[in-house]
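Q: Could you walk me through this structure one feature at a time, giving the general idea before the particular case?

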Amino acid sequence: MAGAIRKRMQWLALHGVIRGMSKLLARRGDPQGRLIADPAVRTDPVAFTDELRAQGPIVKCRAVYITVDHKIANDLLRSEDFHVLVMGPSLPKSLQWVIDRTKPDLLHPLQPPSMLSVEPPEHTRYRKLVSSVFTTRAVAALRDRVQGTANALLDDLADDAGTVDVVGRYCSQLPVTVIGDILGVPDDARPRILEFGELGAASLDIGLSWRHYRQVYSAVEGFNVWLSDHLHQLRRNPGDDLMSQLIQTSEESERGPLTHEELLATAGLVLAAGFETTVNLLGNGIRMLLDTPEHLETLAARPELWPTAVEEILRLDSPVQLSARMASRDTDIAGTIVRRGEGVIIYLAGANRDPKVFTDPHRFDIERENAGKHLSFSGGRHFCLGAALARAEGEVGLRTFFERFPDARLAGGGSRRDTRVLRGWSSLPITLGSARTAVGS
Ligand code: HEM
């Protein structure tokens, strides 16, 4: 099949048909249709999840269920009766037929062998491998590196004070520099990685337009080519970085070395997950704190509250809004029987505002005792492998920014990223005001 037709068929099967159906369903008020096609849901997810909550703990949609209930979400993520939902098998047979014949030869975070899309025993094998390199000790040692990187980036900003886009100049640079250093990505490759990330972030969404799909596809393709080449180079010339260690450990693995494809998927996920989400935590946090100067005053006087403030930011504006699981057998959930093969959308951001768990759930409370009970890092087998690093980047990154620029002010509304699963700012103009001296200088 000629390349262009094949790509068009692929889009139709994976996104186009769903997009068309979702628009129809959204007009009839179906929550799943609205989630995919209603622009209001992207603009105001809180209103949407409140509506869902009013409809019950688990809501039936045309093709799947949705839950915003904290207990159900938490139980599902840990359940042996549910497994990760791989893009494709839940679709009608005719669409699956087209997908099988046009499937791009590309690695995708929601397709095996990505860790996010497999279950034991493969999942255990990949996860053990990454955990053996990404140990608690290795992550604790990274805190100084995060601080050093934040200081250097803010020095640059201080040099040209005035109005800056804090997402482009800081929130995206901090995580990409940190994860890039960890994984041995050369400095000059960072701008390309960021570009792949910016364009490819919507690869987690479904129902993309043809234009958007082509953009995402070429970003994912570019990332695949770059990473494959990078891994080959590290294999020939290993460095003192975690990616080189990962390659070596995978070759020495008891159950045989990972294939190039498995390694590519594993390393690619760690790299992409390492900055695609943390950029949103930083942007969302800066915005929320600038909107609540009283919290900034409290944090300046009581910096020990920063870890809780970061948990509240994660809870109230979750960088990953949702995940999904599929039933491996008929299961009773709060009186609703979810049949084998049916999917449930677990709306993490909605569960984070469940009034049964969080008192006055919409309030931003930097002293909330159970703020850390949010599900923004998911739970169970697929609990975020980078949570400790993300928390360190959130605490150090936000605290250092506001200590250096205590007079920072919003200089316009900014714009949200055009994504649904991931939520963050694509630009946030800020007038920095005068800079204070760096921590430790
Ligand atoms: C604020 C930042 C972050 C957030 C909100 C976040 C969120 C998540 C969520 C929700 C999942 C699980 C999805 C599911 O259950 O379906 C996940 C998985 C994962 N995350 Fe993160 N993440 C963040 C930062 C990071 C960082 C910095 C890294 C790497 C250094 C990372 C690496 C991973 C990996 C490898 C997985 C797959 C784990 C598995 O499937 O077993 N994440 N993350």
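Q: Which protein atom is the donor of the iron atom of the ligand, and at what distance?
A: Before reading any contact, note that this is a predicted model, in which local features need pLDDT of at least 70 and side-chain atom pairs count only at pLDDT 80 or more, while totals for chains, interfaces and linings use all residues. Residues are numbered from 1 along each chain as its sequence is written, and side-chain values use heavy atoms, with hydrogens and water left out. Donors are N, O and S atoms within 2.8 Å of the metal (3.2 Å for Na, K and Ca), and sites may look incomplete because water is not among the atoms. Here the only protein donor of the iron is SG of C384, at 2.3 Å, and C384 sits in the loop between α18 (348–351) and α19.

Q: Which residues around the ligand come nearest?
A: A residue counts as near a molecule if one of its heavy atoms lies within 4 Å of it. The ligand has 29 residues around it, of which H123, S323, S378, H382 and C384 come nearest. By type, this shell divides into 17 nonpolar, nine polar and three charged residues, where Ala, Val, Leu, Ile, Met, Phe, Trp, Tyr, Cys and Pro count as nonpolar, Asp, Glu, Lys and Arg as charged, and the others, Gly among them, as polar.

Q: Which side chains have a polar atom 2.7 Å from an oxygen atom of the ligand?
A: For H123, an N or O atom of the side chain is 2.7 Å from a ligand oxygen; R127 has a polar side-chain atom at 2.7 Å from an oxygen of the ligand, and H382 likewise places a polar side-chain atom 2.7 Å from a ligand oxygen. The elements that give two or more residues to the shell are α7 (122–133), α14 (260–276), α15 (278–290), β5 (323–327) and α19 (387–404), and α14 gives the most, with four residues. These elements are DSSP runs numbered from the N terminus, helices being H or I of at least four residues and strands E of at least two.

Q: Which way do the side chains of strand β2 point?
A: In a regular strand the side chains alternate between the two faces of the sheet. In β2 (residues 64–67), V64 and I66 point one way while Y65 and T67 point the other, and all are buried, that is, under 20% relative accessible area, with exposed meaning over 50% and partly exposed in between (1.4 Å probe, protein chains only).

Q: Which strands pair with β2, and in which sense?
A: Two strands pair if DSSP finds at least two bridges between them. β1 (residues 59–60) runs antiparallel to β2, joined by two bridges, and the two form a hairpin with three residues between them. Strand β8 (residues 343–346) is joined to β2 by four bridges and runs parallel, with I345 as the bridge partner of I66.

Q: Why is helix α10 largely enclosed by the rest of the structure?
A: Eight of the ten residues of α10 (residues 173–182) are buried, so the helix is largely enclosed by the rest of the structure. Among the buried residues are L174, V178 and I182.

Q: How many helices and strands does the protein have, and what percentage of its residues count as buried?
A: The secondary structure comes to 19 helices and twelve strands, and 53% of the 441 residues count as buried.

Notes
Polar contact = N/O pair within 3.5 Å; in protein donor to acceptor, adjacent residues only side chain to side chain.
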